[in-house]
Amino acid sequence: MPADSNIAHVATEQSTPAPQTLGASASPAATPGAAPGAELEHLAHLYREMLLIRRIEEESARAYAEGKIGGFLHLYIGQEAVGVGSIAALRPDDYVITTYRDHGIALAKGMSPRALMAELFGKATGCSHGLGGSMHMFDKEHHMLGGYGIVGGHIPLAAGVAFASKYRGDGRVTLCLFGEGAVSIGGFHEGLSLAALWKLPIVFICENNEYSMGTPLSRSMSVEDVSLKALGYGMDRDRFFADDVLEVEQRIGEAVKRAREQSLPTLVEVRTYRFRGHSMSDPAKYRTQAELEEHKKRDPLHRARALLVEKGYGEPRLDGIEKSVEAEVADAIKFADESPEPTLADLEPTTYKGPFAY
Amino acid sequence: MAKILDMPKLSPTMEEGVLSAWHKKEGDEIAVDDLLAEVETDKATMEFRAFDKGTLLKLLVQAGANVKLGQPVAIVGAPGEDVSALAAQAGAAVASAPHEKQAPATGAPQTPSAPSAAKAPPPATQPQARAAESQPTPAGRVETLAPPAQRRPPVVNVLERTSYAGEAPAGNGHDGGRVLASPYVRKVAREMGIDLQGAQGSGPGGRVVPADLEAMRGRTPAAPLARIAPGAETLAPAAARAAVPAAEEAEVRPLSPMRKTIARRLTESKQTVPHFYLSIDVDASQLVRLREQINGELASSGDGKAANGTGDAAPLKVSVNDLLIKACAVALVHVPECNASFTPEAILLHRRVDVSVAVAIPDGLVTPVVRRADQKSVVAIAREVRELAARARARKLKPEEMSDGTFSISNLGMFGIDEFAAVINPPEGAILAVGQVRDVPVVQDGKVVPGKRLAMTLSCDHRVVDGAVGAAFLAELRRLIEHPLRVLTG
Amino acid sequence: MATMRFREALREAMIEEMERDERVFLMGEEVGHYQGAYKVSEGMLEKFGPKRVIDTPIAEGGFAGIGVGAAMVGLRPIVEFMTWNFSAVAFDQILNNAAKVRQMSGGQFDCPIVFRGPNASARQVGSQHSHAMEHFYATVPGLKVVAPAFPGDAKGLLKAAVRDDNPVLVMESETMYALKGEVPDGEHVVELGKAQIVRHGTDVTLAAYSRATHVALDAAAALEKEGISAEVVDLRSLRPLDENTLVASVERTHRMVVVHEGWPYGGVGAEVADRVQRLAFDALDAPILRVATLDVPMPYSSKLEQACMPQPDRVVAAVKRLLVRGRA
C-alpha cells in the first residue's frame, strides 16, 4: 500500500494493510497529566456506563419477551465499549447520531434510563413520547440526534450537522456511528464524499460487528478493511479492535481532536461483536456457538472490571456500582410500566410545527 | 423463591412453537443467558435463554411438545425447594390452554401448508381473433397487432370515461323508475318542496336539470293507490297515516319489491296520466259459441295436448280472454290511434301490436306481453298466455317479457266481477278492463230472451287518445266480438 | 408594484430572506459559479459568498441529507434540485428524514428546510426529466408543498416557505421562469394554504395550479366566446390545500374540472375531487372531471408531448361534457 500523507499524522499505527496489526491492542492510555486515582475513577465511571447499558439491554430483551416492547429491538450487548468510549472523548455539547442500534448510544450521551425504557414501552413519558420507539432515540438537551431506521440514511444528516457547526463556527464535533452493513449504500458514500470535500468536523465510526444481519463480511464486502474507503475520499482513517474502552476513548479522541481543531473528518473502523442476534427475530444461526463463546471471553465489560480489580478499585466499590446500576434499571422499568400511553392528540402537534397541514 | 418460567416471545410474530430440545435437565444450575431450550417457531428455530439464575427444579413440558406463548414450561428456584404447589398451579394453567391451533393474530404468518385447493382460475387466454386478422405486409411478414380500430388506447380516454345518462346509448330515461337528478337538483327540490318521484326533466334521458325545478313547483307527494278492483281498500297518504300501529292493531307486512313497483308505477300513472273511461256492454253469445267450437276442435284433434304450452297433461283450451286479446289486437290494427304512447316531444304510434295481459299472482300482479298479437293465431295466443302465466306465478318471467307493451287488457271475470275500470300502464295509451260474461235477459225482436253480455271499460290517456278515438276502437271491438269470425279473419 | 420575471421573483425572495436571516443559505448544483442552471440564483454567489451559496457535486441524496441535518440543529437551508426529477434519488432523505424527524423525536427536533426547483414538463426533455413530482410528495404528512403560477406568488410563497418551520417543497416550472408578472413592493409574503380565484365565473370551476393555471385561463377565455362562464381557482398551495375556497366556488358554479400536469392515477387532482365531492356533494350538478397528463411516460416527439399534456381544448371539451347535462 502506498504511503499516504493523509493518514501520516494519525498518532496510532495503520499505514500497513495487514490486519494482523489489529491483534495488538494498546494498553489503556492514561490521560496525559492525570493522577492515577483520577484515571481509576474515570475507568470506573466508564465501567458503570457500560454496565448500565448491558443491564438495560438485557432487561429490554426480557421486556420484549413479555410483550411490553413490540416491533424491532436491536441490542447493543457486546458493543458497549464503542459507544461509551467514543462519547467519553466528546464534550457535552458535541453531537451524536447513529443507527437503530441506538439504546446504548443514547444512554452514553446522557439520556435517562427512564426516558429510554418508557420510549421502548411506547409510553408518553418516553424521549419521543412513545412515537418513535426503539429505533428513534432522540434527546435534544443532550444533543443525541437519533436513532434512524434506514441503513446509511443518517450519514448525510450527520454531515449536515457538522456542516452547521462549521457554518456557525461553534467548535462542536459530530460523531456519526453506523455498522459495516452501511458501507455499501449510497448515503455512506455521499456523506463521506461531501464531508471530505467540505472539510467537515465529523468523526465517522463504523462499528464493524462482523455481521450485517446474517451476512458475514466475506460475503458483503469486496474489501474487508472498511477504513480503506477513507482513502478514496482523501480522508483520515483509523482501525482497531474495541475490546478496551479506554483505548476506544483515546483513539476516537484523536479523531475528535482533528475534527475540532482542523475541521477535518476521519473514518474510524472499530471492530466489535454483538452477543445477541441482529434483532429479536434473529436466531443468529450464521455463527457458531464456539465463535460466540470466544468473543464473550473478550467481553469489554469483563475486561474493564478485571482491570479495575487489578488496579485496586476494590470489590466492595464494584459491588456498590453494580447494585446502584440494578436499582437504576429497576427504577426505569417501574417508571416505564407505570407511565401512561400517548393518545391520538399527540399525533398532530408532532407532525407539523404550527397548524396541521392537510 | 421458586417461580414459573413461561414460554417467552422469542420473535416479533411468534404465537407458539415446538419446544424441540431441552438443553438443561432438572437439578441443573443455570446462569443468566444460559441456553435452556430450542424452540421451533414458524420462522426459525429460536433459542430460549435464561433471564434468571437459579436451579432448574422442574420441567413442565416434554421435548417435542407444542407450546403456546405464555404457557408455563419450567420452574426455577433454590435447590431443594418444594414446588408441588407451583406445579399444580402450572398444570391447571396448561390444562386450560386450548390445544387446537388458533388462528394467528394480525401479522403472524401462516404456517405454509399444502397448496390450497381453491386456486384462482388461470387467466383467460387472449382472443386469437385479432391476431388471426393479419394483413401480410409487402415483405410477407404477418402483422401481429390488432388493427388500430380494435386497439383502443386507454390513455387518451381514461379520464374521459364517464357513465351518466344522456351519453350512454339510451334507455327511455326511466332507468327502472329511478329519477335522474344530480345531488344539487335533489337538494334544491327538497328545499322547494318538490317531490321528484316519477319526474321527467328536460335533460338527456329525462334528467331533471335545475332549470326544470321552477316549473315543477307544486308537484305533490304520493296520491292514494289506484283502484285495481272496486272495493279494494284505499290506503291513506303516508303523511296522513298514523305511526306504524301496535302489533295488536294491524299486521305489518313489509313491501316486497313487486309491491313497491306496483305502488310506484300505478301512482305515477294516476298522477301524470289524465284518465277518462268509456264503457260498452257487448253481446258475447257469438264469442262464447266460437270458443266452444274451437275448444271442441282442439280436444278432438288431440292437438290440445301437444299444443299445451305448459307441458302438463291438461289439453289446451282457448279462453274468452284469449279471444279478446286477439280481438283487441285486430281492433288496434284498424284503429292505430289507440295503439299509441305520449312523450313530451311527440305522440308515438306503434307499428307493433304488443298486448300486455294482466295476470294475478300470489301477492300481486304482473303484465307479461304477448308480442305481435295481431299476427298470432288464437291458439298460439292461448298457448303463450298459458305459458307466461305459469312462469309468472313461478316468478320466472324475465324483465323484457314484462315491458314494452303497447296496449293492456285486464280481465277480472274469473273473480266474478261484472265491470270495472283499470289503471293505464304507462307509457301505453289505453287499457281495457273486462268483466265476466253474464247471463241476462235481453230484448230481441221485441221479445225478452236469455242473452250473454260482456261489460268492458276502456281507460284512455286523454293526451293521446281522445273520446272519439276510444269510441272508434270500442266500436270496432264490438264488431269483432259480435261477429267473431272476423277475429280469425282479421 | 414591479413587473419582473418568475425567476427574478424567486431570486428576490431568496436574497431578501438571506439578508434578513443569516441562518438561511442556498445549496445545490450549479447555483453559484454557474449562476444557476436556469439563472434563478444569478448573482447570488457574488453577493453572499461561498459560505452561503454552495455549489454541490452531483449527490442529491447527500446534499439533501446535509440540508436536513443542518436544519435539525437550527440552520434554515434552501436546497435546490436542478429539476425535481432528481429528487427521486433523494427521496429517502425527504420522506424518511425531513418529513419525520419531528415525530420520531416526539417534537424535539424540527426541520425548517426549503426544497425548491423546476418541476413537470419542460419541452421535449423526455420521460426521465418530465415528472410532476408534487403528486408523490403532497401525500406525505410532515411536508408542505406549494406551486405558484405567477411571479408575485413565486416570491411570496418562497418567502413564506423559508420562514415556515416545517419542510416546504416549492414546485416551479422551467417553462414559466421567463413569465412576467406583477410583484408587490415591500415585504410580500403569501400565506401557505390559501388558493386564489384568478378569474370569476358562474358555470364551472376550473381548479388548477402552476403551469396548468395558465392552461385553465386559456380554456376559460375560449369558453367565454361560447357563452360559458368559467371560474378559475389557482390553488397555489397543494399541502395544505385550500378546500374552503374550492367548496365556496363549487357552491356557486355546481361544476368542477381539475387541471394539472402529472398522471391520472391518484395525486393532487384526485385529492381535490375527493374533497369537493365529500364537502360539497349537494352542490354538485355533475361529476368532477380531471384533465391531466396522459397516462404514459412523456414522449420526446414535440407533437406527442403536446398531445399528452393538459391543453385548453381538452379542458373546454370536459366543461362541455358537464354542461350537456343541463345548466343551473
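Mentor: Let us start with R163(C), which counts as partly exposed at 28% relative accessibility. This is a predicted model, in which local features need pLDDT of at least 70 and side-chain atom pairs count only at pLDDT 80 or more, while totals for chains, interfaces and linings use all residues. Residues are numbered from 1 along each chain as its sequence is written, chains are lettered from A and ligands numbered from 1 in the order in which they are written, and side-chain values use heavy atoms, leaving out hydrogens and water.

Trainee: Why is R163(C) called partly exposed?

Mentor: Buried means under 20% relative accessible area, exposed means over 50%, and partly exposed is in between (1.4 Å probe, protein chains only). R163(C) has 28%, so the label is partly exposed.

Trainee: What makes E17(C) count as buried?

Mentor: Its relative accessibility is 1%, which is under 20%, so E17(C) is buried.

Trainee: How do you know that the side chains of R163(C) and E17(C) meet in a salt bridge?

Mentor: A salt bridge is a side-chain nitrogen of Lys or Arg within 4 Å of a carboxyl oxygen of Asp or Glu. Here the N to O distance is 3.0 Å, so the pair qualifies. R163(C) is in helix α7 (residues 151–163) of chain C and E17(C) in helix α1 (residues 6–20) of chain C, 146 residues apart; helices here are DSSP runs (H or I, at least four residues), and strands are too (E, at least two), numbered from the N terminus. Both residues also belong to a network of salt bridges, whose members include K159(C) and E187(C).

Trainee: What makes D282(C) and R190(B) a salt bridge?

Mentor: Their side chains are 3.9 Å apart, N to O, which is within 4 Å, so the label holds. The count between chain B and chain C is one salt bridge.

Trainee: Which helix gives the most to the side of chain B that touches chain C?

Mentor: That is α4(B), with five residues. The contact, meaning heavy atoms within 4.5 Å, takes 19 residues from chain B and 22 residues from chain C.

Trainee: Why is R239(A) called buried?

Mentor: R239(A) has a relative accessible area of 7%, under 20%, so it is buried. D225(A) is buried as well, at 9%. The side chains of R239(A) and D225(A) meet in a salt bridge at 3.1 Å, N to O.
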